[in-house]
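Open the model in your viewer and keep the sequence beside it. This tour tells you what to select next and what to look for there.

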Amino acid sequence: MHKVLSVFVALVAAVLLIGCGGGGSSDGKNSAFVGQWTVDKQAMKVLAEASLKEQLKGLKEELVTQQIEATKRAIDQTQTSLRINNGGTFSLVSSSGMQASTSNGTWAKSGRSIMLSSQGQPEVKAEIKNGKLHIENKTGEGPTHTVLVRVTE
């Protein structure tokens with residue numbers, strides 16, 4: 001159960017790492033990144049499963065399957081929404097079970113990517129691939145990135 005919790009925490013941390021406040025600026029007008037994004041749960045389940053299979057090599061297949069299923073249930077129970085605004089700001093709302101958090105930060109364009117900044121945290125790179133927003137996971141556990149899809153407004 002410890003690995004399930006670790007991978008799930010890593011998934012959430014990858015997104016929450018960017019949402020603790022921050023400084024910086026951007027000329028965000030008309031950026032492809034601007035808009036409302038939410039975690040792509042199906043993509044995250046696939047990434048989490050692959051990550052767990054790698055991390056849990058050597059354990060009985062039944063235990064690995066249990067860990068994967070528990071992680072998938074945890075992903076289903078989490079709601080995360082990222083709004084990237086013109087002018088270089090963003091807000092993040094995340095909830096899991098009875099706990100919820102809202103945070104704000106800044107972003108700046110960096111080539112074909114953006115860097116999301118939070119006070120006291122390392123910058124996090126985000127880029128759009130195949131129409132989805134990929135945010136790097138700097139925790140070193142779980143998938144290497146979190147995948148978000150644009151919310152139709």
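A residue counts as exposed when its relative accessible area is over 50% and as buried when that area is under 20%; anything in between is partly exposed. Keep those cut-offs in mind, and note that this is a predicted model.

**Stop 1: the barrel**

Show the strands. Eight of them, β1-β2-β3-β4-β5-β6-β7-β8, form a closed barrel with antiparallel pairing. From one strand to the next, the twist averages 30°. As background, strands of a sheet pair through backbone hydrogen bonds, either parallel or antiparallel.

**Stop 2: strand β1 and its neighbours**

Select residues 35–39, which make up β1. Is this strand mostly covered or uncovered? Mostly covered: 4 of the 5 residues of β1 are buried.

Click on Thr 38; its bridge partner in β8 is Val 149. Then click on Val 39, which stands opposite Leu 148 in β8.

Turn to β2, residues 78–85. This strand also runs antiparallel to β1, and 4 bridges join the two. Pick Gly 35 and look across to Ile 84 in β2, which stands opposite.

**Stop 3: helix α2**

Select residues 41–55 for helix α2. Which strands does α2 touch as it packs on the sheet? The helix touches β1, β2 and β8. Compare directions here: α2 makes about 165° with β8.

**Stop 4: helix α3**

Now select residues 61–76, helix α3. With 16 residues at 1.5 Å a residue, this helix should span 22 Å. Check the ends: the C-alpha atoms there are 23 Å apart, which agrees.

Which residues of α3 are buried? Colour Val 64, Gln 67, Ile 68, Ala 70, Thr 71, Ala 74 and Ile 75, for these are buried. They lie on the same side of α3, because they cover an arc of only 165° around the axis.

**Stop 5: the salt bridges**

Show side chains next. In general, side chains of opposite charge can pair when their charged atoms come close. How many salt bridges does the structure hold? There are 7.

Start with Asp 76 and Lys 45. Their closest N and O atoms are 2.7 Å apart, in a salt bridge. Asp 76 belongs to helix α3 and Lys 45 to helix α2, so the pair ties together parts that are 31 residues apart in sequence. Is Lys 45 buried or exposed? Lys 45 counts as buried because its relative accessibility is 13%. Asp 76, at 40%, counts as partly exposed.

Move to Glu 54. Its salt bridge is with Lys 57, with the closest N and O atoms 3.2 Å apart. Lys 57 is exposed, with a relative accessible area of 61%.

Next, pick Lys 129 and Glu 127. Their side chains meet in a salt bridge of 3.5 Å, N to O. Lys 129 is partly exposed, with a relative accessible area of 40%. Glu 127 is partly exposed too, at 25%.

Conventions: Residues numbered from 1 in each chain as written. Predicted model: local features only at pLDDT ≥ 70, side-chain atom pairs only at ≥ 80, totals over all residues. Heavy atoms only, no water. Pairing = 2+ DSSP bridges. Axes fitted to C-alpha atoms, helices over the stretch in contact; angles between N-to-C directions. Contact = heavy atoms within 4.5 Å. Buried < 20%, exposed > 50% of the residue type's maximum accessible area, 1.4 Å probe, protein only. Expected span 1.5 Å × (residues − 1). Arc of directions from axis to C-beta. Salt bridge = Lys/Arg side-chain N within 4 Å of Asp/Glu carboxyl O.
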